[in-house]
Amino acid sequence: MHRKPGLVYSSDSDDNGEIRSAKLFGRERPIHHVLGGGKVADVLLWRNRNVSAALLIAMTVIWFLFEVADRPPMIPQMILHENTFKQVASTVHKRLNHFISRVLDSASGGDFPFFFLTIICLYILSLIGTYFSSLNLLYLGFICLETLPFLYERFEEDVDRLAGKISREIKRSYRKFVSQFLNQIPRGPVKDKKIR
């Protein structure tokens, strides 16, 4: 039986009656492999504790110097070679063009779920931006990158079970909303538009 990626619930069963375990986002690989399986995954999952702790301490010190102590360090003037600048500009240009074409396709109705997700993400970012400075937001993002994968790996079964319950509750509430409100809206016959 082919399933779409998403949450697989413990109440879902295959054709042979076997109950599948719940996995967040429908993933089948361990979280270490999802994060790349290399040194970066080891650092994010705190398997290399010395490097992870050093990164966390260094970022905290940098954040403290810039945000709390208001003492920005003297950064020496950096001289970029023209070729390096052209390569960076070319890479940024390609990625920006890809992003703009994706947004344009979404805005023109080509990819409605991506458009809706973009609106929600921009709204959330605007709300967060009213309460945090850019530096605090970067630091918060780094703290999340350092801690959330580790905590998810450690408490994976509990998180998956809770996410499954929440997802089922949202789907149940949506079905109830549709049956009580949306299905009560009278719908008339669809008229064809005449082109003149």
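Biologist: Over residues 112–132, how much of the chain is helix, and how far apart are the end C-alpha atoms?

Modeller: Helices are DSSP runs of H or I with at least four residues, strands are E runs of at least two, and both are numbered from the N terminus. Residues 112–132 are 95% helix and 0% strand, with 30 Å between the end C-alpha atoms. This is a predicted model, where local features need pLDDT of at least 70, side-chain atom pairs count only at pLDDT 80 or more, and totals for chains, interfaces and linings use all residues. Residues are numbered from 1 along each chain as its sequence is written, and side-chain values use heavy atoms, leaving out hydrogens and water.

Biologist: Where does helix 6 bend?

Modeller: A bend at a residue is the angle between axes fitted to the seven residues ending there and the seven starting there. Helix 6 bends by about 25° at T147, and P149, a proline, follows within four residues.

Biologist: Which residue forms a salt bridge with E153?

Modeller: Side chains of opposite charge can pair when their charged atoms come close. The rule asks for a side-chain nitrogen of Lys or Arg within 4 Å of a carboxyl oxygen of Asp or Glu. E153 pairs with R47, their closest N and O atoms being 2.5 Å apart. E153 lies in helix 6 and R47 in the loop between helix 2 (39–44) and helix 3 (49–68), so the pair ties together parts 106 residues apart in sequence.

Biologist: Which salt bridge involves E169?

Modeller: E169 meets R172 at 2.4 Å, N to O; both lie in helix 7, 3 residues apart, about one turn of the helix.
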